[in-house]
Amino acid sequence: MLGRIACHRCGRVRLGADAPCPACGAPPMAGAAAAPATEPFVGRRSELQLLHDALGGALAGRGRVVVLSGEAGIGKTRLAQEVATLALRRGMLALWGRCLEEPGAPPFLPWTRAMQACLRACRDERLPALLGREAAAAVEIAPELAKRLPPGTAVPAIGEGDQARFRLFAAVAHVWRQVATLRPLLLILDNLHWADASSLRLLAFIAQDIGECRMLLLGSCREAGLSRQHPLAATLAELLNTRQFSRLPLQGLSFDETERLVAAASAVTPPAAVVAAIHRRTEGNPLFLVETLRFMRQGQAGDDPRAAAALVETVPSGIRAVIGQRLNRLSAPCCALLAIAACIGRDFDLPLLAELAGTGSEAALLGALDEALAQRVIEPTQLGPQYQFSHALIREVLYDELPVARRVALHARIAESLQVRHAADFDAVLAQLAYHAAAALPAGSPARALDIAQRAAARAAALMAYEEALRCYRLALQLQERWLPAERERRCALLLALGAVQMHAGENDASAATFLEAVTLARTLGDAAQFAQAALGFENNGWRISRPGEQAATLLEEALAASDRFDAALRVDLLAALCRACIFCGRQPQANAAQRRAVALARELAMPQPLFKALAAIMPARHEPAQLDERLHCAHEALEVAERAGHMEWVDALTGWHFGDLVEKGDLDAARALAQVHARVADAIRQPFMQAMGLASLALLAAYEGRFADAERLAGETFTMGQRFLPGNAQGAYSLQIFVLRRQQGRLGEVLPVLRGLVGSVPRESLWQAGLALICAELELHEPAREAYEALAAGDFAGIARDSMWLTNVVFAAEVCARLGDRPRAATLYRLLEPYAGRNVVTGTNIACFGAVDRYRGMLAALAGDDARAAAYFAAAVALDERGGGRPWLAHSRFEWARWLAGRGGDAAAAKVQLDAALALVRELGMAGLARRCEALQRELDGAAAAPPAAPERLSRREVDVLRMLCAGHSNQAIAARLFISPHTVAHHVRHILAKTDCRSRTEAVAWAHRHRIGGEG
């Protein structure tokens, strides 16, 4: 297949390019392969070397993404062609995915083109087995792939939402990875500045996973004129954070390189003065150089160098102007034909051009095209009877020179022709049709243009090309407003569709604004059904990102006031949404009432999906401790409903919340079973959000059980998956998971510097304000711990936000309160924790667990001197930790119990029982921080931890610790790492030691320590 070529005249595909076409007799043409090199190549040594190294890295399994950037004509495509030649010589498969240089390109076009070329070139019999079912979703952008999947592979329903798009992107990435195992790849995406935004999102996605793939992804783009709002600007910024990405900006050729290019492109090398004038005039831009040489060949300078140099000065300024001069030398029929082709686009096919031109004979048409081919204004492609302009600027000059009326008329004819010629496959050209039909106004039909734009938007949304769908819906809204202002019901429907796509595309603020506009319009129209849909859309957008629900609740209540006109299923949807909205604005009684009405109505309907929605609506109310049992009951029934209906995919909105409730309740066996159900469903329907939630649940369980290495691996996998569709949430969850692990491992000193910087930029009520206080307290940094704690405790801790992090904040504060001995505030914290007695602390839905609430209550009761309650709470905490298998937290509970018993006096034996059990656990699990505290308490109980020898110099306990490490030969950095303090603090302690012991050096201080029997590390 790689050796086949399309005839540049008739389009017939034949083997080989070195013989006349057997159909029409057209002579062979040089460079007729895809993206042919039509000009000499000089210079670019450093760029070629870097790309040569990148090819070598790809061959060795170190994939990269490189983007060539520069102004128009600077040689980006020509350099890519040279790299493609190098790749082919090294046994790689070189594929092109060029972007169309005009609006109306189908979504994912460059990827579709590249994958089509790949499937034509790769005939390896092993490919279907390698692709497997994981590639099935990629059929949506490359239908030809369906024939290369294993027999019997079902193409999944495309679905909707971020999860479905993730599934599509993951499938495309999987295809490239598997092909690259058979043959290393060079994938060239040319003209990325013209790519649709969905293609750019796919590029950023694939770039994340290319590092261990035998693939070099080479892009090219013009950066000049890119606004901050251009999707490519955002993609390049995102790629900069990818380790395997690099950008190669191309500059103009040097004088020596210009001289070589002129010599290669000219029959006779011009004198040096002429070359210097050309270089100065063109600033080394290769396209401008070549066009200048063409211009000069038309002149009459002869052999006179001065005349030639003077002729250079008459070259029009700028590339576009000199291209215009070249086009003016073509015949009038050729220019007329090219103007029509420019209206079609950079790519144009012969039958459509012939139809639009109305040429009397095929010979005349081919003759005019041969003139353009000879002048390299156009070139053939391998896509049948199709041509392309040799450079986007040539097409732009021709298009811009067309009179507006002529342009409009041509667009109308193109739209009509496309609709007729593709009647059997209308969806394939919807995006092009939408562009041409809109550009044809006012000559065309506004109603038809609006219909096509709306259909194109819906098609793009179905393909999860959300950015393209946004463009088409906005185009449809513009058309409606400009040409059909009376169709206001239709405008409302367009707004509803636009709002949903904006939500899927992550434009949540814009989505909220769009739904509110639809609300206003529907209210004005008196359209209760559209008003209800707008209210549902607004609430659905809001609760997923945990926004306050006041406005949503108000709108839903207004919609429900007219609900007697709706069917019962829509009323259930409204009531379920109202329940969630009330939860997110703190109106729990109203939420409960709405859910009860929804459940009752759904039971009357006897339809499973409305009942499932109604039961699941209460699940976000995790800040309501009194409703835990009710939530567990609703979740249990909802799971049964989904299972009986055979729609376990519904549970993606349920299992995450339910898992957190089960862990909080202490029913870890049920939580583990649910995690397995969740994983099976997520794998079956391949929804990445469900998969990420399942990984998070498994990470929580691993950390809870003391499998720290597994927990860290799972947390990393969760983060990698989650950052692709909810990056902010993924980062926050991962940070908290690592905080838990580093605390258990005794490595909080690693977290402190990052956390200190973070706290300065977050609100006082942030979770990390409490986290900072806890870390500082655990590292015995009492002053910063107290500072952070006091900020948190203001107004009896009223500043702690009542959200899914509230309980975590409060238990952090309770632990710091006990560490600092803040007895006055202990009663307040004790009261706040009372409703959670007998439960575990769970952050978010399933991010992290911090053990039994009763441990914190026991610590507060001990601080308050309430011995009876302290004993009861510590015993309850140990029982809950043991029952659930939370061994790290069991160690914490036993240690706190032992510490309280030891402090009471007379309970040393009981304290030792608890302490020995705690020590056995922490040593087995590798909990270094808690181990140090346990060992210190053990020394106290054994009488071996007497205060350091009373030196006359009155060294502090910390100074004695530092001095012992000096005796052991540790540096300041090593001492800082062991004591979890900064090197600066160590130096401060050393200065105090020297001053108090009257020593002049560290050596003298060590000798002093030996004289006073202060040995090495204890």
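Which residues line the largest cavity? Select R622, H623, E664, R802, D803, S804, W806, L807, Y836, V842 and G844. Before going on: this is a predicted model, where local features need pLDDT of at least 70 and side-chain atom pairs pLDDT 80 or more, while totals for chains, interfaces and linings use all residues. Numbering starts from 1 along each chain as its sequence is written, and side-chain values use heavy atoms, without hydrogens or water.

A cavity here is a set of points on a 1 Å grid over the protein atoms alone where a 1.4 Å probe fits but cannot get out; lining residues have an atom within 4 Å of a point. The largest cavity has a volume of about 120 Å³ (space filled by probe spheres set on the points, joined across faces, edges and corners). Colour its lining by class and you get 4 nonpolar, 3 polar and 4 charged residues.

Next, select A699, L700, A703, V740 and I847, which lie nearest the centre of the second largest cavity, among 14 lining residues. Its volume is about 100 Å³, and its lining has 12 nonpolar, 2 polar and no charged residues.

Now jump to the open sheet: 5 strands, ordered β4-β5-β6-β3-β7, with parallel pairing (strands are DSSP E runs of at least two residues, helices H or I runs of at least four, numbered from the N terminus; pairing takes at least two bridges). Its edge strands are β4 (93-96) and β7 (245-249). Zoom in on β3 (64-69) and β6 (215-221), joined by 6 bridges; S69 has C221 as its bridge partner in β6.

Definitions and conventions. 1 Å grid on protein atoms, 1.4 Å probe; cavity = no way out; pocket = protein on both sides within 12 Å on 5 of 7 lines; lining within 4 Å. Nonpolar A, V, L, I, M, F, W, Y, C, P; charged D, E, K, R; others polar.
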